[in-house]
Amino acid sequence: MKLSEKHKLSEKHLVPPFERVRGYKLPANLYSPNERKGGGLGIYTKSDATPINKGFQPIDLNSICLQNDVIDNAVQRSQIYALQDHFKELLPKERTSGCLRRRISVDDDVGVYFNTERKKAHYSNLQVCGCVWGCANCARRVSEGRRQELKQGLDNWKRQGGAVYLMTLTNPHHVGDNLKDLLYGQAQAFKYFWTVRKNRENFKRLGKVGHITATEVTHGVNGWHPHYHILLFFKEEIDYKELERFVGEVWQTACVKKGLKKPSLHYGCDVRDGVYASQYVAKFGIEESLGGWGLENEMTKGHMKKGREGGRTPFDFLRLSALGDEQAGKLFKEFYFAFKGKRQLSYTKGLKDLLAVDIKSDEELATETEKTSEKVRDLEFQIWELIKRYKARARYLYCVEQDCLFGGSHAHDFVMSLAIRDTEKIMNDDVHVWGYAGEGGLIPIFE
Ligand SMILES: [Zn+2]
């Protein structure tokens, strides 16, 4: 049998093991085990330099606590990167698939930095997508920025003696309803809601100065459940229960007018004061690790929260899809394309100035640079490709953190182990391809 062109060994196959990571040079006195006591970044713990067999050594609690923090961070980061990896498998052509993967400047290497304050490592020269709906990394960063903006705005407004209320609007929905259609209908009804003269006049009489709208969606036994959370800003405190009765009826009219099913007054509209909303949300304790949800958390992190009361969030679907749930994958895609390009929060005209908040763009929030970072090294193109190929972006950063904080050569060893695996894989693949090619059995590839 004659071998086809495509089965011929490419150049990369002919490079001996380890040679392909030849460019991987260690920064002197940072990773090299022989020199690690030199402490290139000046942040090694004392225990690193402590000779063994010195008898009883007191437990270094600081070191243990630090290690726990590093591990917590690493676990969180690896979940985020794993969701990104799965997004790429699901929707490879989307811009988000290149987030924290593609280089900004192809002429430069990917840089590795260590933030000495936060004790965290990160990459540089990588594109970020800024997409809050599909990218676990950007959703987190942007939402965190939005949360701070909201908090600042609420604080400023309250300091001026103003009052804030949370209004939630929703409408009936059923299994099988198309999310895009539901959103469109709801947006039409919402637009209409604000144009009803009586409604406008009533709000004006009460001293409303503006509102912020967040669109949120969960998925439960009745299918998709999109709804609006609206932060209402008033000059002073109002009777919000009376407001609820009034706007409930206007919302009913708006839904019917735009062809949606009429919501009940009980479920269609809900108005709560800021404190109650905060307690209400915190009671469900979805993300206790964040210290409980305040009003601003409910507004911005809606799609990231773990689903409650049997409902699931879009990121739950991405997680389930990564575990092999095909239906969850389809639902995630439906969500993603329905929300892609939408703003997470929208402020009414003039409100940003009244609240004295400086609103950044999604891209700005997603790309905020760390000011107290020190460069650890550059990753040559092949190394970066190797790290990406083995979905090891998170693991590599963890190794860098271990090296920077506790000494050692974890990062170097890890890359070498990837290189070995890669080489073995190539050998095995080639045996598979070539093994039955000749009558004489296996054709030796690496001699
Ligand atoms: Zn992103």
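User: Take two residues as in contact if their C-beta atoms, placed from the backbone, lie within 7 Å. Among contacts in the protein with a separation of 6 or more, how many come from residues 24 or more positions apart?

Analyst: Those residues account for 70% of them. Keep in mind that this is a predicted model.

User: What does the secondary structure come to?

Analyst: The protein has 17 helices and eight strands. Of its 447 residues, 32% count as buried.

User: On to the sheet of three strands. What is the strand order?

Analyst: The order is β2-β1-β8, in an open sheet with antiparallel pairing.

User: How many bridges join β1 to β8?

Analyst: Six, between β8 and β1 (residues 110–115), running antiparallel. Val110 stands opposite Leu379 in β8.

User: Switching to helices. At what angle do α5 and α7 pack?

Analyst: About 130°, with the axes of α5 (residues 179–195) and α7 (residues 240–257) 8 Å apart. The angle makes α5 oblique to α7.

User: Is that crossing left-handed or right-handed?

Analyst: The crossing of α5 and α7 is right-handed.

User: Which residues meet there?

Analyst: From α5, Ala189, Tyr192 and Phe193; from α7, Val250, Trp251, Ala254, Cys255 and Lys257. By class, the contact has seven nonpolar residues, one charged and no polar.

Terms used: Residues are numbered from 1 along each chain as its sequence is written. This is a predicted model: local features need pLDDT of at least 70, side-chain atom pairs count only at pLDDT 80 or more; totals for chains, interfaces and linings use all residues. Helices (H or I, at least four residues) and strands (E, at least two) are DSSP runs, numbered from the N terminus. A residue is buried if 20 or more other C-beta atoms lie within 10 Å of its own, exposed if 12 or fewer, and partly exposed in between; C-beta atoms are placed from the backbone. Two strands pair if DSSP finds at least two bridges between them. Axes are lines fitted to C-alpha atoms, for helices over the stretch in contact, and angles run from 0 to 180 degrees between N-to-C directions. Angles under 35 degrees count as roughly parallel, over 145 as roughly antiparallel, 65 to 115 as roughly perpendicular and the rest as oblique. A crossing is left-handed if the near helix is turned anticlockwise from the far one by less than a right angle, and right-handed if clockwise. Ala, Val, Leu, Ile, Met, Phe, Trp, Tyr, Cys and Pro count as nonpolar, Asp, Glu, Lys and Arg as charged, and the others, Gly among them, as polar.
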